Amino acid sequence: MILDGKCPTGPIETSWDRHRFESKLVNPSNKRKYKVLCVGTGLAGGAAAASLGELGYNVHAFCYQDSARRAHSIAAQGGINAAKNYPNDGDSIYRLFYDTIKGGDFRAREADVWRLSQVSNNIIDQCVAQGVPFARDYAGYLDNRSFGGAQVSRTFFARGQTGQQLLLGAYSALSRQVKAGTVTLHERREMLDLVMVDGVAKGITCRNMVTGEIESHWGDAVILATGGYVNVFYLSTNAMGCSVTAAWKAARKGAYMANPCYTQIHPTCIPQSGEHQSKLTLMSESLRNDGRCWVPKKAEDCEKPAADIAENDRDYYLERKYPSFGNLAPRDIASRAAKEQCDDERGVGPGKRGVYLDFADSIKRLGEDTIAGRYGNLFEMYEKITDEDGYKQPMRIYPAPHYAMGGLWVDYNCMSNVPGLFVLGEANFSVHGANRLGASALMQGLADGYFVIPYTIANYLVTVKPGEVKDDHAAFKESADEVKADIDKLLSINGTKTPSEFHRELGTIMWEKVGMARSEESLKEALELIPALREEFWKNVKVVGTNEQFNQELENAGRLADFFEFAEILTKDALNREESCGGHFRTEHQTDDGEAMRNDEDFCYVAAWEFKGTGVEPELHKEPLKFDNVKLAVRSYK
Amino acid sequence: MKLKLHVWRQNGQNDKGKLETYDAPNVSPDQSFLEMLDDVNLDLARTGRDIIAFDHDCREGICGMCSQVINGVPHGGQDRTTVCQLHMRKFKDGDEIFIEPWKARAFPVIKDLVVDRNGLEKIMQAGGYTSCHTGGVPDGNALPIGNPVAEYSMDAAECIGCGACVASCPNSSAMLYTGAKVAQLAVLPQGKVEAQQRVLAMTEAAKENGFGNCSNHYECQASCPKGINVKFIAKLNREYMKALL
């Protein structure tokens with residue numbers, strides 16, 4: 001089937017304004033009659049729940065953490081982009097739009113990206129009004145810095161904790177609505193099913209993670225803002241609880257999963273130190289503003305302390321390969337370059353999977369105090385984890401799975417192909433194409449939550465009668481019974497391997513075969529290994545405890561079961577996409593000097609996969625991408 | 001390294017709970033404290049025993065989910081460090097480690113090391129915000145805010161809401177937590193407008209939810225993983241007095 005994103009036509013500069021005017025409105029006195037469920041309370045979900053509550057809708061918000069403030073948006077460090085052009089350095093909405101399309105390697109929808117760029121400016125104003133303490137200069141004006149992949153300074157920041165401050169802003173807006181009675185919070189709940197009535201999303205089934213109770217919640221619309229899926233690689237920069245579960249449950253009920261093979265491997269993470277590792281820690285790529293990436297030129301130098309390697313024997317590979325962007329090359333490019341150096345036996349540190357990020361020159365030029373002022377908390381974090389002092393010796397970094405550009409397919413209204421199911425933030429696929437630029441994730445989450453969904457959801461709500469289907473409908477009991485049966489099954493297997501052992505194995509397959517470089521051969525191998533491991537899981541997993549208790553083993557087992565099915569679709573998407581673009585690199589498709597080679601003739605489309613059953617071939621639906629405003633070009637950062 | 005752990009086990013609020021002893025026979029100095037516990041749990045799970053429940057999520061020291069009292073000190077006593085960022089190289093071979101949940105009347109135990117911190121939510125919901133509407137706000141640069149004021153506000157805003165301040169306080173006071181939010185907003189022009197009602201409402205909510213008062217022990221600052229300064233409690237008191245005048 002050919003999918004239609006229902007984007008506005010005509011001049012792009014006015015597309016969002018026209019769409020807003022043409023959008024339907026819900027009468028203020030009718031809004032409270034509509035119940036909207038919002039799953040996830042990060043930047044997208046928190047902002048959406050708060051804004052919809054403020055408009056007067058009856059909102060119920062759900063999160064698996066003990067507080068809405070703990071969603072993983074909180075961990076974003078570097079900043080948030082906006083086209084304010086405060087520094088007068090040539091930025092504009094059009095430039096942000098252009099950079100995002102190009103950064104995404106021409107695999108995103110133009111209209112969605114335009115809207116994002118346009119509302120980016122409103123986000124900054126909104127956050128300032130909430131009391132987000134953005135960095136300010138001594139005249140009291142907002143400060144900006146440049147960030148990976150951009151040649152203008154358009155990134156706003158709050159020390160190294162921008163995500164935290166923006167999330168606390170959204171959380172404060174949410175708290176205000178809780179007090180006002182428009183939002184009801186349900187913490188420590190995990191969504192385990194999407195309830196469908198006559199092909200329309202009408203509610204969710206979730207597990208109370210404290211008591212084990214299976215709860216039914218009805219809603220006139222369901223919003224998923226449940227983040228990304230890169231924990232499919234086991235080791236990633238995501239929080240331990242991040243999973244594909246909510247999105248996958250929706251996919252099992254018919255929502256299409258779009259471009260799952262677009263995963264972002266972030267270049268500046270702390271390398272793995274051993275087998276015991278449970279997650280990888282990211283350090284903001286703002287470090288690349290002042291740090292220089294290098295490896296020894298000669299493999300035999302790799303064991304030497306960095307200080308003993310002469311300047312001439314160092315290979316500043318990003319500066320060498322990409323003279324105009326240098327150390328600020330976009331993430332996909334910087335990550336692949338690091339991998340290339342390590343594959344060439346010139347990596348440093350344990351297992352030789354690491355490259356240096358060196359601040360010596362910047363410290364010499366600006367002084368240690370200035371560097372500490374900019375990145376002090378990152379140096380501290382690095383020292384806590386590695387026991388090394390980044391001021392005295394270069395840091396070691398290595399790429400790690402970080403972000404999912406793919407996600408559930410949505411139209412311009414952020415509604416999936418399932419009527420009544422909306423998807424926001426990282427959980428949807430829409431704006432980042434095949435690669436996300438730095439400081440764009442926070443922008444998208446808040447854009448979707450504050451400034452898109454409050455307008456677009458009305459287009460759907462006016463077509464349904466509020467409260468027409470409630471939780472006394474048979475579909476809710478059916479869904480709850482299915483969820484209980486799945487839980488009982490997991491608990492009854494009583495095999496010999498724990499969920500974390502299985503997760504590690506799945507992660508190894510995904511990282512080795514479906515990681516930074518993919519080939520037809522490696523992907524086909526993965527497609528043998530994943531289903532075999534999945535089958536073993538369902539025969540041999542050991543989940544201790546019961547459902548009727550606080551049971552983290554059960555939570556992990558359930559999430560892993562979904563990762564198994566999802567991993568297969570991710571791999572199939574990677575196999576289908578016979579080109580290299582952004583974060584998706586097929587070794588068969590590269591230029592002579594190892595750069596990604598797109599195939600616009602055959603693959604300029606969104607691949608949206610329809611789940612047809614476990615172990616059954618999924619069906620591919622395509623949404624062709626049209627570029628009327630930006631010319632398709634080979635992405636070059638040289 | 002070989003360690004002996006004494007871990008608080010408690011099955012819900014009605015259980016009395018007790019310390020149980022576990023061996024951690026093969027600990028790497030590069031492991032984080034939680035990864036050490038993961039290994040203990042892996043062993044428990046393999047042998048069909050109930051695993052030790054503990055809250056954790058981001059494991060990079062920012063979400064505020066992890067919450068353990070280690071050897072009597074919330075987060076384990078390393079300066080400005082959450083449990084998840086505490087690494088085993090800070091311990092010695094043969095050490096005995098006592099691991100307990102946050103202890104405070106306002107934080108009932110859910111299971112083992114997991115507590116219910118909903119009281120903190122109630123304080124925030126009482127007034128921890130500016131009442132701005134989505135959209136209807138001026139340009140971000142319309143109100144210049146001097147760098148020192150923005151920095152002061154940011155110092156306060158770094159709170160991760162973990163509750164270590166409450167757990168370390170003999171009075172289970174949440175005044176550092178409350179003071180940080182009150183101070184962050186009170187010094188900013190956009191937060192000043194509602195400063196009086198905010199401080200009164202948040203203080204009242206703290207009282208209602210079982211948190212005590214500050215009596216200047218400063219344990220909160222010592223245990224705070226973000227180093228939030230007790231000057232924000234002084235600021236809270238000043239704002240409170242101003243609101244009463």
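This is a predicted model: local features need pLDDT of at least 70, side-chain atom pairs count only at pLDDT 80 or more; totals for chains, interfaces and linings use all residues.
How many bridges pair strand β1 (residues 35-39) of chain A with strand β2 (residues 58-62) of chain A, and in which sense, parallel or antiparallel? The two strands are joined by 5 bridges and run in the parallel sense.

Residues are numbered from 1 along each chain as its sequence is written, while chains are lettered from A and ligands numbered from 1 in the order in which they are written.

**View 1. Chain A as a whole.** Chain A has 17 helices and 19 strands; these are DSSP runs numbered from the N terminus, with helices being H or I of at least four residues and strands E of at least two. Its radius of gyration is 24 Å, close to the 26 Å from the globule rule for 638 residues, so chain A is as compact as a globular protein of that length. (That radius is taken over C-alpha atoms, and the rule is 2.2 Å times the number of residues to the power 0.38.) Along the principal axes, the C-alpha atoms of chain A fill a box of roughly 75 × 60 × 50 Å. Of the 638 residues, 61% count as buried, a label for residues with 20 or more other C-beta atoms within 10 Å of their own; 12 or fewer makes a residue exposed, anything in between partly exposed, and C-beta atoms are placed from the backbone. Take the contacts in chain A between residues at least 6 apart in sequence: 74% of them join residues at least 24 apart. Here a contact is two residues whose C-beta atoms, placed from the backbone, lie within 7 Å.

**View 2. A five-stranded open sheet in chain A.** The 5 strands line up in the order β5-β2-β1-β9-β17, with parallel pairing. At the edges sit β5 (183-186) and β17 (421-423), each pairing on one side only. From one strand to the next, the twist averages 20°, using axes that are lines fitted to C-alpha atoms (for helices, over the stretch in contact) and angles from 0 to 180 degrees between N-to-C directions. Strands count as paired if DSSP finds at least two bridges between them. Look for C38(A), whose bridge partner in β2(A) is A61(A).

**View 3. A covered strand with an antiparallel partner.** In strand β11 (residues 263-269) of chain A, 7 of 7 residues are buried. It is joined by 5 bridges to strand β15 (residues 395-404) of chain A, and the two run antiparallel. C269(A) stands opposite Y398(A) in β15(A).

**View 4. Where chain A touches chain B.** This contact takes 66 residues from chain A and 65 residues from chain B. Several helices of chain A each supply at least two residues to its side, including α3 (43-55), α5 (110-130) and α6 (162-180). Helix α6(A) gives the most, with 9 residues. The chain A side divides into 25 nonpolar, 26 polar and 15 charged residues; Ala, Val, Leu, Ile, Met, Phe, Trp, Tyr, Cys and Pro count as nonpolar, Asp, Glu, Lys and Arg as charged, and the others, Gly among them, as polar.

**View 5. An enclosed helix in chain B.** Helix α2 (residues 118-127) of chain B has 8 of its 10 residues buried, so it is largely enclosed by the rest of the structure. Among the buried ones are L120(B), I123(B) and M124(B). Their cover includes α6 of chain A together with α5 (175-186) and α7 (195-208) of chain B.

**View 6. Two residues with positive phi.** A439(A) has a positive phi of about 65° although it is not a glycine. Its place is in the loop between β17 and α12 of chain A, and with 28 C-beta neighbours inside 10 Å it counts as buried. Over in chain B, H75(B) has phi near 70°, also a positive value in a residue other than glycine. H75(B) lies in the loop between β4 (73-74) and β5 (96-100) of chain B, and is buried with 27 other C-beta atoms within 10 Å.

**View 7. Around T571(A).** T571(A) is found in helix α16 of chain A and is buried, with 26 other C-beta atoms within 10 Å. Leaving aside neighbours within four places in sequence, T571(A) is in contact with V514(A), L523(A), A526(A), L527(A) and I530(A).
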